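Dear colleague,

Here is the structure for your files. My notes on helix packing, cavities and backbone geometry follow below.

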Amino acid sequence: MRLRLLLATIAAAALAIGLAVSLGTPSTGAAPVKLRGIHKIQHVIIIMQENRSFDSYFGTFPGADGLPKKRACIPDPKNHTCVRPYVDHHDSNAGGPHVNANSIADVNGGKMNGFVKEAELACKKAPCKTDVMGYHVQSDIPDYWAYAKNFVLDDHFFESDDSWSLPAHMEMVSAWTANCKTASPMSCKGTDSPNNRTAARPRPFAWTDLTWLLHIDHVSWGYYLDHGAQKNGTGSGVPTIWNPLPGFTDVKQDHQEGSIQSLSRFMTEARNGTLPAISWIVPEPADSEHPPALISRGQAYTTAIINAVMKSPDWDSSAIFLAWDDWGGFYDQVVPPAVDALGYGMRVPSIVISPYARRGFIDHQPLSSDSYLKFIEDDFLDSARLNPKTDGRPDPRPDVRESFAGSILGDFNFNQKPRAPMILSPCPKTTLIPKPPPGCNASVPLDFASWGDS
């Protein structure tokens, strides 16, 4: 890889100084963040689930910036009252609308009080009932809480863009979201409401994604689809809005379409100890936790993937980043920071799982999926960035997102002995209602095509 072996020591020292100055020392009194040791991570696995706010899953997590004891009562205009956050044990939730306009209305200039009003937009006649103020507790999602308690919980992790799933998944692989007039990268213009790829225009995403840099430096990658790609917008498999890479012109240019695989391929590679350097994993709707999909099934799916990595010969050199793509209309009480015209969006859960992850640490610094890309670039690309001035494929993005993204390096202790796997039951005992069946493989009717703002 690009001078990595020769420059690793110099780069580590320089970045350690810079990061220590910019980030300071974590609140727990740990040593300043350093790049040294990052190359112990040879496999990064990003698991992206769907549509949950931080408070909806971890609002009562001890030590986290969650729901306060004195909780705001959010206006309910349809029913002429207000609603406070409440425990909701239901396995299937409805959530609320979650495109850019809804995000702006939910935040409401920093008041964070538009959630119920937005969720009631589709209600034609009172009384209207929504569940966007409901939140889940440890007994509902015990596996997720176990990962957070034993590894690292990022409690100020924000959706990279201020919008819905399609731009969130674009950001996850490219640190930008845009519409492009032609196949030229310079024809693209940033937007929180990008157009999806279609049969008539299968590769409309002309700006540069991370695979461009990975290909240049011969860094292996895979984008893994739960039951493959969805066909005709229905049935099993991953829909196009969660599977943007086939729409990027540089993926076609580099002849890298073969790196977009079924999840079964990932499970085989994990078992054989042949994982690529970078893995992105996205679910089909039934496994996604996207309302109304079942939480129990999504947790079982995610736990099975994490178990596969932990049982893999590659575990000792892996880092798993588990996150949710957007807030799904659910309440959160933290105002998103404004970093540029596209975001950040609402706060979502993020967990770092690795043999080198700090035990029981809560990272309070602002982070986003840009931080995941920054970690990958620091580890595998000698800190090269998706920067139009340096990456060899200029596009008109107005800023380099990774440059102001928080560093997730502080979530690791590369001096510690690699931690043993923590294998969990994919179907633990929960307080979800109705009670999940053995195997947690139940499903509810999902009309994905009608979700619209997914």
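The axes of H6 and helix H11 (residues 369-380) come within 8 Å and cross at roughly 20°; axes here are lines fitted to C-alpha atoms, for helices over the stretch in contact, and angles run from 0 to 180 degrees between N-to-C directions. That makes H6 roughly parallel to H11, a label given to angles under 35 degrees. The crossing of H6 past H11 is right-handed, that is, the near helix is turned clockwise from the far one by less than a right angle. Glu171, Met172, Val173 and Ser174 of H6 meet Ser369, Asp370 and Leu373 of H11, with contact meaning heavy atoms within 4.5 Å. By class, these residues are 3 nonpolar, 2 polar and 2 charged (nonpolar: Ala, Val, Leu, Ile, Met, Phe, Trp, Tyr, Cys and Pro; charged: Asp, Glu, Lys and Arg; polar: the others, Gly among them). Helices (H or I, at least four residues) and strands (E, at least two) are DSSP runs, numbered from the N terminus.

This is a predicted model, in which local features need pLDDT of at least 70 and side-chain atom pairs count only at pLDDT 80 or more, while totals for chains, interfaces and linings use all residues. Residues are numbered from 1 along each chain as its sequence is written, and side-chain values use heavy atoms, with hydrogens and water left out.

Helix H9 (residues 263-272) packs on helix H10 (residues 295-311) at an angle of about 30°, with the axes 8 Å apart. This crossing is left-handed. Leu263, Phe266, Met267 and Ala270 of H9 touch Tyr301, Ala304, Ile305, Ala308 and Val309 of H10. The contact has 9 nonpolar residues, no polar and no charged ones.

There are 3 cavities of 30 Å³ or more. A cavity is a set of points on a 1 Å grid over the protein atoms alone where a 1.4 Å probe fits but cannot get out, and lining residues have an atom within 4 Å of a point. Grid points are joined across faces, edges and corners, and a volume is the space filled by probe spheres set on the points. The largest cavity has a volume of about 70 Å³. Its lining includes Glu171 and Ser369, both also in the H6 and H11 contact.

On the backbone, the peptide bond from alanine 126 to proline 127 is cis, with omega near 0°. The bond from isoleucine 433 to proline 434 is also cis, with omega near -5°. Alanine 175, in the loop between H6 and strand S8 (178-180), has a positive phi of about 60°.

Regards

How values were computed
1 Å grid on protein atoms, 1.4 Å probe; cavity = no way out; pocket = protein on both sides within 12 Å on 5 of 7 lines; lining within 4 Å. Parallel < 35°, antiparallel > 145°, perpendicular 65-115°, else oblique.
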